[in-house]
Each structure stands twice: as C-alpha cells, then as structure tokens.
Amino acid sequence: MSKEGILIIDFGSQYVQLIARRIRESSVHSIVESPQVSIHKIKQINPCGIIFSGGPSSVYDEGAPAFDPGIFDLDVPVLGICYGMQIIGKVMGGKIKKSGKREYGRTFVRFNRENDIFEGLKPGSITWMSHRDKVEKLPENFQIIAESDDTRSAAFMNPKKNIYGVQFHPEVVHTEEGDKILKNFLFSVCRCKKTWTMKSFIDKKVKDIQDQVNDSEVVLGLSGGVDSTVSAVLLNKALGKKLHCIFVDNGLLRKKEKERVKEIFKRNIKLDLHVVDAETDFLSELKGVTDPEKKRKIIGRTFIKVFEEKAKSFKNVNFLAQGTLYPDVIESQSFFGGPSKMIKSHHNVGGLPKKMGLKLVEPLRDLFKDEVRKVGSELGMAKELTGRQPFPGPGLAVRIIGEVTKKRLDILREADWIIIDTAKKHNIYHKTWQIFGVLLPVKSVGVMGDARTYENTIAVRAVTSTDGMTADWAKIPYKVLGEISNRIINQVEGINRVVYDISSKPPSTIEWE
C-alpha cells in the first residue's frame with residue numbers, strides 16, 4: 001500500500017492546525033494526533049511524513065509531552081518544529097538548554113547548507129521565532145543547517161534517518177519562505193502526492209457519515225450560518241430523507257434571522273426544516289447570569305435539551321449533527337487529546353453537557369472556515385450562503401457583556417442591523433472577516449435635544465482574517481465609522497455613545513466573550 005498524507009503530532013501548539021492547513025493547501029492530506037498515538041496506529045495511517053508541532057512546554061518540565069521513539073524506526077521522514085525540534089534533540093541524545101536570550105518574533109536566519117528542505121531558498125531570510133530553549137549539543141549524526149544571531153542551531157538534520165528540525169515556525173505567514181520549506185519537506189523529502197481536494201474530502205466524509213449513522217436518522221442543529229448550512233447540504237448528500245433540520249429561535253438571533261433562514265431553505269435548499277420557538281426557555285435559563293463561561297455552558301445545555309425533545313417526534317433518531325469547526329475545538333479543548341491550552345468553551349464543544357441522549361455527528365470538525373466555504377462551493381451552494389460572515393453559536397448572548405435580557409437584546413439587534421447594513425452599503429462587509437456590535441455594561445452622559453441623557457454604549461468590532469485563528473482590526477474609513485455611529489445614536493433608543501475596537505487576535509479574541 002502506497003504511503004499517503006502527513007501525520008502531525010500535536011505537542012500543544014495553538015498553531016497546530018495552521019500546519020495542517022498549509023499542508024492541505026498543497027493538496028496533501030493531513031491528520032492530527034496526540035503524542036500518545038501508538039506505533040500500530042501510525043502504521044495504519046501509513047503517512048509519507050511526520051511533523052512534530054511546537055508547544056508551550058520545556059522538554060525538561062515535569063509531565064512534558066513525549067512520544068514513542070519507535071517513530072524513528074518506521075523509515076518515515078520527520079520534521080520537528082520548535083518544541084518538536086527540541087524533543088527530537090533530547091530523545092536522540094542531544095542536550096537542550098534554556099536560552100540566555102529569549103527569541104520571539106521576526107528573526108533573521110542564515111541557511112548554512114544546501115539540502116532538500118532548504119532547496120531553492122535565499123541564503124537567509126526572516127523567520128518567526130517563539131522559544132526559550134534551544135539545542136545546545138547536537139545528537140550523534142546530526143548537523144546544523146541554519147543559525148541566527150542568538151541560536152547557533154536554528155535548524156538541524158540527520159541525513160541518514162531523514163530527520164529535520166527547525167527552531168522557527170514555517171507554518172506562520174511571518175516566516176517569509178515558510179511555505180517553500182514545508183513544500184520542500186512534502187515533495188522533495190517525503191515524496192507526497194497531490195491527492196487531497198475538497199472533492200476528495202466530500203467523497204470521504206459522505207462515506208464516513210454513512211458508516212457512522214448506519215440505519216439511524218439524524219437531527220441537525222441549523223443556525224442558518226455557513227457552517228451549519230454546509231453541514232446540512234453535506235449530510236443531505238449522505239443521508240437524504242434520514243436528515244431532519246431543526247432551527248431553534250432562541251431569542252439570541254440577529255434581526256429578521258428566522259425569516260431569512262426560512263426563506264433561503266424554502267427557495268434554495270429543499271430540506272426537511274422544522275422551526276422551534278424556544279426564546280422563553282433560553283432567556284429564563286440565562287436570567288441573572290453574567291459570567292461568559294456559564295453563559296456558553298447554559299446555552300449548550302439548553303440547545304441539547306431542545307434538540308432531544310424535538311427529536312422524539314421523529315422515528316429512530318440517535319444522532320445530533322452540528323456545524324462545529326476546528327477553531328471552536330482548539331479554543332475549547334485540546335484537539336485529539338493533545339495538550340493545547342483551553343481559551344474558552346464554545347457552546348457546541350466545551351459547552352455541551354457530559355451526558356447526552358444523542359450521539360454527535362460533526363462532519364466539518366477538522367476544517368477552517370475558508371475550507372468550509374470551499375466545500376460549500378464544491379457542493380454547488382450559492383455565494384449568498386457560503387459568503388456569510390461567521391456568527392457565534394451562542395448568538396448575541398456573547399455580544400452582550402453582562403446579563404442577557406430581552407430589552408438589551410433588542411437594543412443590540414437594532415444596532416447590529418445598522419452596522420451590517422452600512423458595511424454592505426459601502427462594500428466593506430465582504431472585505432472583512434466579521435463586523436458586528438457589542439453592547440457594553442457601560443452607561444455614559446450625553447446630550448440630545450438640549451437634554452441630558454444617561455444611556456448605553458455600543459462597541460463596533462471589525463476584523464480581517466483568513467481562518468479565524470488570528471485576526472487584525474479592520475482599517476475602516478472614518479467616514480463610514482462616522483455614518484455607523486450617527487445612525488445608531490439617532491435610530492436606536494437607549495444608545496448615546498459608539499466606540500471602535502482596535503484590538504488584534506491575539507492577544508484579544510474576535511468575540512468579546
């Protein structure tokens with residue numbers, strides 16, 4: 001059997017799926033596993049190469065993630081990145097030492113040797129470093145192939161065993177020739193074949209869904225956003241009449257969202273759609289709650305309760321389908337059991353109750369948003385559907401800082417409608433990853449019609465991004481921001497101040513909660 005794809009071992013890097021993303025962009029399949037993956041399973045995966053990710057640990061930390069060194073006996077090329085390089089160095093008999101000077105950010109690296117992984121690169125270029133340890137002494141049969149001013153062993157290799165290590169991160173865009181380095185590893189070192197496409201993903205996922213569900217029926221939590229809509233079309237391709245889509249009006253939706261979803265599914269996607277009015281249930285559960293994590297867990301729990309109740313009206317339903325994406329997973333828990341740090345619970349991942357009556361089907365769980373859009377296009381979906389901006393599963397509840405009430409929801413709904421409408425009017429909507437409003441728990445003094453006001457504040461949040469894992473604040477023209485502010489203050493009762501959020505991700509997240 002021929003080798004296919006790249007196995008990525010997740011040592012806890014928040015960038016681990018960026019590695020997978022870069023590989024997929026080269027039309028090569030990738031799969032992520034934890035460091036505990038067995039040699040037996042690796043042989044079943046049969047990869048043409050293995051990549052060790054970075055991670056937050058030091059190789060000498062108590063409980064630092066390790067791996068089965070039998071990997072080096074599989075005759076499969078290995079590339080270690082940052083921590084991945086250091087753990088290779090330690091296991092193979094080298095010495096790792098804390099750096100006297102920490103390297104972080106853009107760093108110039110000189111490539112000392114011509115070899116397969118650096119083939120065709122300039123003699124030196126900017127890379128992205130983020131490390132406190134370095135390889136002080138090389139293992140036997142290893143040689144240095146790159147260095148920086150502060151790190152003599154910025155990259156090494158063992159030509160006999162086809163093992164490489166780079167102290168920098170080739171997967172991030174800040175490494176100027178990172179894409180070339182990864183492609184060299186894929187095609188010059190591992191001899192991978194370009195067999196992974198959105199069509200091949202769809203074909204495989206359809207079979208996976210059919211194998212998982214078997215003769216059961218499935219209910220899908222449909223929000224009307226890109227993720228759940230693409231999931232619905234993909235599941236329909238796999239299951240046909242065994243799929244039942246449930247749209248829950250939880251009272252946390254954008255203005256006119258229910259009407260829009262019903263119209264789109266009636267006009268474009270002829271699926272079995274059921275609308276459930278559960279606003280009272282959600283708002284009563286959220287009453288008095290201000291903590292963001294509690295909000296997300298309550299919403300996740302209430303969603304499951306509604307779905308399970310509605311599922312009783314269908315025969316033989318044993319599965320709940322969701323449009324979960326990888327950014328949801330990596331911010332809620334570690335992917336495949338790896339040691340990545342949790343950032344926040346997503347209502348459909350970390351917010352789910354531990355015990356559920358339905359099993360989960362998540363066909364898009366290992367994809368980024370832009371990949372989901374490509375899957376939708378491959379499935380023949382209109383851009384009207386695939387081009388919508390992301391909307392959080394917990395809805396406006398995580399765009400209201402503090403308690404969620406009907407009155408505060410109505411204020412935010414009107415303001416958010418104006419923000420989106422103005423963005424579309426000035427051709428900004430499709431140039432930003434997301435643009436929306438956040439209702440702050442802050443009141444301030446204003447003056448309207450010569451009278452004093454003491455009303456709410458809206459923050460406008462707009463970011464640019466490609467995958468949602470990192471983002472920068474959008475440089476929207478002052479004129480447009482002024483129009484947004486003027487319209488909100490004049491048209492939305494209860495608001496007398498508008499501010500603009502100029503935070504990037506990281507250190508901020510895109511959503512405020």
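Reader: How many aromatic pairs does a search of the whole structure find?

Author: Good place to start! This is a predicted model, and searching the whole structure turns up 11 aromatic pairs.

Reader: What describes a pair of aromatic rings?

Author: Such a pair is described by two things, the distance of the centres and the angle of the planes.

Reader: Where in the chain do F52 and F67 lie?

Author: F52 belongs to strand β3 (residues 49-52), while F67 is in the loop between β3 and β4. They are 15 residues apart, and the pair links distant parts of the chain.

Reader: What about the rings of F111 and F118?

Author: Try the distance and the angle again. The centres of F111 and F118 lie 4.6 Å apart with the planes at 45°, so this pair is tilted. Both F111 and F118 are buried.

Reader: Which charged ends sit over a ring?

Author: Here are two cases to look up. The charged end of K194 sits over the ring of F187, 5.3 Å from the ring centre. Likewise, K255 has its charged end over the ring of W417, 5.2 Å from the centre.

Reader: Now for strands. Which way do the residues of β9 point?

Author: Strand β9 covers residues 163-166. I163 and G165 point one way, Y164 and V166 the other way, and all of them are buried.

Reader: In which sense, parallel or antiparallel, does β9 pair with β4 and with β8?

Author: With β4 (residues 78-81), β9 pairs in the parallel sense over four bridges, and L79 stands opposite Y164. With β8 (residues 155-158), β9 runs antiparallel, again joined by four bridges. There, F156 stands opposite G165.

Reader: What lies between β8 and β9?

Author: Four residues do, and the two strands form a hairpin. Look in the turn for N162, which has a positive phi of about 60°.

Key:
Residues numbered from 1 in each chain as written. Predicted model: local features only at pLDDT ≥ 70, side-chain atom pairs only at ≥ 80, totals over all residues. Heavy atoms only, no water. Buried < 20%, exposed > 50% of the residue type's maximum accessible area, 1.4 Å probe, protein only. Pairing = 2+ DSSP bridges. Phe/Tyr/Trp six-rings, centres within 6.5 Å; stacked < 30°, edge-to-face > 60°. Lys NZ or Arg CZ within 6 Å of the ring centre and 35° of its normal.
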